[in-house]
Amino acid sequence: MHRLLTIILVTAALLVAAFDASAGKDIAESQVPPTVLIPFKATHPAATEVEYEEEQKNGGLVYEIEYKLDGVKHKIEYSPGGKILKEE
């Protein structure tokens with residue numbers, strides 16, 4: 001019984017650690033590279049409630065920008081070079 005409990009606790013800890021590692025990190029606008037920030041601001045000048053996040057996806061760095069436009073939430077993922085990877 002003790003061994004089973006230990007296995008369950010270790011598995012749960014690993015799952016929590018894996019989830020935390022895949023979650024992005026909130027960053028300030030000043031930490032977003034110009035290659036990402038300039039194109040975003042140029043194409044979304046009316047965006048409000050803008051939030052920036054840096055995360056690892058598929059072994060690479062991705063910048064996620066969440067914002068509102070006309071009251072509707074949107075999200076864009078950029079590569080560090082400024083290429084749009086995903087837009088919702």
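Visitor: Which residues make up the largest nonpolar core here, and how many are there in all?

Guide: First, the ground rules: this is a predicted model, where local features need pLDDT of at least 70 and side-chain atom pairs count only at pLDDT 80 or more, while totals for chains, interfaces and linings use all residues. Residues are numbered from 1 along each chain as its sequence is written, and side-chain values use heavy atoms, with hydrogens and water left out.

Now the idea: a nonpolar core is a set of buried Ala, Val, Leu, Ile, Met, Phe, Trp, Tyr and Cys residues joined through side-chain atoms within 4.5 Å. Buried means under 20% relative accessible area, exposed means over 50%, and partly exposed is in between (1.4 Å probe, protein chains only). In this model the largest such core has 12 residues in all: I27, V32, V36, L37, F40, A47, Y52, Y63, I65, Y67, I76 and Y78.

Visitor: Which elements give two or more residues to this core?

Guide: Helices (H or I, at least four residues) and strands (E, at least two) are DSSP runs, numbered from the N terminus. With those labels, α2, β3 and β4 each give two or more residues to the core.

Visitor: With which side chain does H44 make a polar contact?

Guide: A polar contact is a pair of N or O atoms within 3.5 Å; within protein, one must be able to donate a hydrogen and the other to accept it, and residues adjacent in sequence count only if both atoms are side-chain atoms. Here the H44 side chain pairs with that of Y67, at 3.2 Å. H44 also sits 8.3 Å from L69, C-alpha to C-alpha, although 25 residues separate them in sequence.

Visitor: On to charges. How many salt bridges does a search of the whole structure find?

Guide: Side chains of opposite charge can pair when their charged atoms come close. The cut-off: a side-chain nitrogen of Lys or Arg within 4 Å of a carboxyl oxygen of Asp or Glu. The search turns up seven. One of them joins E49 and K68, with the closest N and O atoms 3.7 Å apart. That pair links distant parts of the chain, E49 in strand β2 and K68 in strand β3 (residues 60-69), 19 residues apart. E49 is exposed at 55%, while K68 is partly exposed at 22%.

Visitor: What about E77 and K57, how do their side chains meet?

Guide: They form a salt bridge, 2.5 Å from N to O. E77 is in strand β4 (residues 72-78) and K57 in strand β2, so the pair ties together parts 20 residues apart in sequence. E77 is buried, at 6% relative accessible area, and K57 is partly exposed at 30%.

Visitor: Which residues are linked with E77 in a network of salt bridges?

Guide: E55 and K57 join E77 in that network. Beyond four places in sequence, the contacts of E77 include V62, Y63, E64 and K83.

Visitor: One more pair: how far apart are the closest N and O atoms of E88 and K86?

Guide: They are 3.2 Å apart, in a salt bridge. E88 is partly exposed at 47%, and K86 is partly exposed at 40%.

Definitions and conventions:
Contact means heavy atoms within 4.5 Å.
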